[in-house]
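Work through the exercises below with the sequence and the model open, and try each task before reading its solution.

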Amino acid sequence: MKIKILCVGKIKEKFFNEALLEYKKRLSGYCKIEIIEVSDEKIKYENDSNKEIAMKKEGERLLAKIKDNDYLITLEIKGEKMSSENLANKINKLSIEGVSNIVFLIGGSYGINKEVRNRSNFSLSFSEMTFPHQLMRVVLLEQIYRTFKINKNEPYHK
């Protein structure tokens with residue numbers, strides 16, 4: 001299975017990068033993992049119109065990185081909430097159904113535009129809270145790692 005994490009913006013903090021490298025290393029025994037970053041759109045004046053324009057431009061960059069056969073899971077506050085076990089079951093079911101390319105998408109600070117939402121196969125929510133996008137990458141990779149441990153019936157801390 002190949003898993004891509006598609007996200008807006010770059011990680012600047014060393015400690016986040018170290019955590020990402022650790023989970024990528026752990027995941028290497030279970031899947032091919034790739035993190036793809038697209039540039040975030042800077043706006044001078046934050047208003048609804050400028051935010052929509054920024055989301056549209058970021059959305060175009062994101063959609064350009066998604067292939068037709070990719071199963072796209074967008075991370076959204078209003079997505080479906082599930083336990084780690086349920087996420088593991090979902091990933092296992094996708095694998096059984098022949099899905100071999102899964103893309104998890106973390107949008108930019110203004111959100112995900114409607115074109116990206118329309119392309120999404122599944123919308124996942126980790127919480128109703130807002131998290132820094134850099135931290136969310138680490139949390140997502142940890143949950144993907146946990147998913148593989150659950151599906152292989154291997155021990156992992158609770």
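N113 is buried, at a relative accessible area of 6%, where buried means under 20% relative accessible area with a 1.4 Å probe and protein chains only. The model is a predicted one, in which local features need pLDDT of at least 70 and side-chain atom pairs count only at pLDDT 80 or more, while totals for chains, interfaces and linings use all residues. Residues are numbered from 1 along each chain as its sequence is written, and side-chain values use heavy atoms, with hydrogens and water left out.

**Exercise 1.** Describe the surroundings of N113.

Solution. Begin with the location: N113 lies in the loop between β4 (101-106) and α4 (114-119), helices (H or I, at least four residues) and strands (E, at least two) being DSSP runs numbered from the N terminus. Next, leaving aside residues up to four places away in sequence, N113 touches M55, K56 and G59, contact meaning heavy atoms within 4.5 Å. Finally, the side chains of N113 and E115 make a polar contact (2.7 Å).

**Exercise 2.** Determine how many disulfides a search of the whole structure finds, and examine C7 and C31.

Solution. A disulfide is a pair of cysteine sulfur atoms within 2.5 Å, and the search of the whole structure finds 0. C7 is in no disulfide, the nearest cysteine sulfur being that of C31, 15 Å away. C31 is likewise in no disulfide, with the sulfur of C7 as its nearest, 15 Å away. As to accessibility, C7 is buried at a relative accessible area of 1%, and C31 also counts as buried, at 7%.

Notes. Buried means under 20% relative accessible area, exposed over 50%, partly exposed in between (1.4 Å probe, protein chains only). A polar contact is a pair of N or O atoms within 3.5 Å; within protein, one must be able to donate a hydrogen and the other to accept it, and residues adjacent in sequence count only if both atoms are side-chain atoms.
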